[in-house]
Amino acid sequence: MKKFKKAMALSLALAMGLSLVACGKDKDEDKETTAATTEADTEADDTEATDTEATDTDSSAEITIPSADGEAIHVYSWNEELGSRIDSHFRTKYPELSDLVIYENLDVSGTGEEYKTGIQNAINANDDNVPSIVAADNDVALYFMQQDWAIPVTDAGLTLDMYKNAYQFTIDYATVDGELKAMGWQAPAGCFVYRTDIAEDVLGASTPDEVQALVKDWDTFLETAETLKAAGKYIVSGPDDLKYAFIDQKKSPWVKDDTLNIDPCITDYLETSKKIYDNDYSLKSAMWSSEWTANMSSGDVFGYFGCTWFVQWCLAEDSHGMWNVCTGPVSFHWGGTYLVITDKCPNKELAALVLYTLCCDEDVAYDLYADDYDFPNNQAAVQKLIADGVGSNPILGGQNPLEAWDEAAKGISLQYATSYDATFNGYLDSAASTFWAEGQSVDDAIANIKEQVANAYSDITIE
């Protein structure tokens, strides 16, 4: 990929470290209102919205191919992942436009303040390197979508019909004030990733369907945990492995009417994870710790609540071939990247073509998985992959996970997402770790969360 140096203005701005605060409550209220007012329609159209049969579309008929003589655009991200996708799929498809798409890797955490600062400084500089497309990690994507410079994708010439094969949860998440503000090429559906040797030796289960029956709901999951414990095995590595599966079940936002709102899914998570901790159904390792990763190879831990990218990038290499996946007790998601177009973009037709190619083009979506095991946000492509028998993954011992991921992706709901989520989920992590270790009550853990919110947000009422 052709690399370009950033302007001195950007470097100076980054050094100044302009601080950014979290997105204001008014914009979250707008999203909550949208979710509340559309809930009835969503329920009425649930089958149509989440189980729509994928529809074949012409991959180029509806999108404008801009002139190769047009202005260049700069695509900003925090690492090289998006750059590799642009290289493999956009530049190869439109080589005549390749030099007009300049990739800027800020090489920082995608969820930290440094990335927010870097993007805002580049926007403010408004020079030749101004961002045209900004990559946004799922945890902070709403922050970027709600900035004044983030335009609806329709303003760049993209249509909702072009994106009709996307999984509904990605559409819901990126819809702000009734307008689609971003698109994503991934649909990172969650799943339960389990050891096939333990399944066979301890549970007598040799297929994903048989294992699914043993983890189909949380009561059954805990019963299976007890069976594994009797055999000296652990159903998960640590109690926080359950977090993403639970928090995606919320039926209300973290903040409602300017007031902190504790959804029942939070107490459900605390109660169930406490049973995992107290009954020694796990090795009590923290997610992303060295122990957590080592347990993938030990042969003692039955499973992890993972997702599409988790399988490809997180499972310990020496354990490859020993895993399968099933849907698990609930549908959930973990991660994902969204692409936002800015109002500073000098060539919106080109920006639209980049988004269309990565996020709407069925052929590209097909290749994303066929070439890189990157589960695409395109139901038509997924159905074609399944029909073609493409998808066998050596990390999963040759299992094709596409049907399980497709089923999970159709069951995810993100209607109540807010820009507070990543921060408040972090408060939940902190409260939960104390709750488990010190034998506190659920009320104590909730009080801990409330205290953290009160200390950080004077504009949120705590009841």
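Start your tour by selecting D280 and K284: these two form a salt bridge, their closest N and O atoms lying 3.1 Å apart. (A salt bridge here is a side-chain nitrogen of Lys or Arg within 4 Å of a carboxyl oxygen of Asp or Glu.) D280 is partly exposed, at a relative accessible area of 35%, and K284 is partly exposed too, at 37%. (Buried means under 20% relative accessible area, exposed over 50%, and partly exposed in between, using a 1.4 Å probe and protein chains only.)

Before moving on, a word about what is on your screen. This is a predicted model, in which local features need pLDDT of at least 70 and side-chain atom pairs count only at pLDDT 80 or more, while totals for chains, interfaces and linings use all residues. Residues are numbered from 1 along each chain as its sequence is written, and side-chain values use heavy atoms, leaving out hydrogens and water.

**Colour by confidence**

The protein has a mean pLDDT of 89, with 87% of its residues at 70 or more; pLDDT is the predictor's confidence in each residue, from 0 to 100. (Contact means heavy atoms within 4.5 Å.)

**Zoom out**

Switch to a cartoon view and you have 20 helices and 12 strands. (Helices are DSSP runs of H or I with at least four residues, strands are runs of E with at least two, and both are numbered from the N terminus.) Of the 463 residues, 56% count as buried. Among contacts between residues at least 6 apart in sequence, 79% join residues at least 24 apart.

**Select R85 and D374**

What does R85 form with D374? The pair makes a salt bridge, with the closest N and O atoms 2.9 Å apart. R85 sits in helix α4 (residues 81–93) and D374 in the loop between α16 (362–372) and α17 (379–388), so the pair ties together parts that are 289 residues apart in sequence. R85 counts as buried at 8% relative accessibility, and D374 does at 9%.

Is H89 buried or exposed? H89 is buried, with a relative accessible area of 5%. Leaving aside residues up to four places away in sequence, H89 touches T357, L358, V364, D367, L368, D371 and D372.

**Select R195 and D197**

Here the side chains of R195 and D197 meet in a salt bridge (2.9 Å, N to O). R195 counts as buried at 4% relative accessibility, whereas D197 is partly exposed at 29%. The structure holds 14 salt bridges.

**Select α8 and α10**

Helix α8 (residues 196–203) packs with helix α10 (residues 218–230) at an angle of about 80 degrees, their axes being 10 Å apart. (Axes are lines fitted to C-alpha atoms, for helices over the stretch in contact, and angles run from 0 to 180 degrees between N-to-C directions.) Show side chains for I198, V202 and L203 of α8 and T224, T227 and L228 of α10, which make the contact.

**Last stop: α18**

Finish at helix α18 (residues 402–410), where 7 of the 9 residues are buried, so the helix is largely enclosed by the rest of the structure. Select L402, A404, W405, D406, A408, A409 and K410 to highlight those buried residues.
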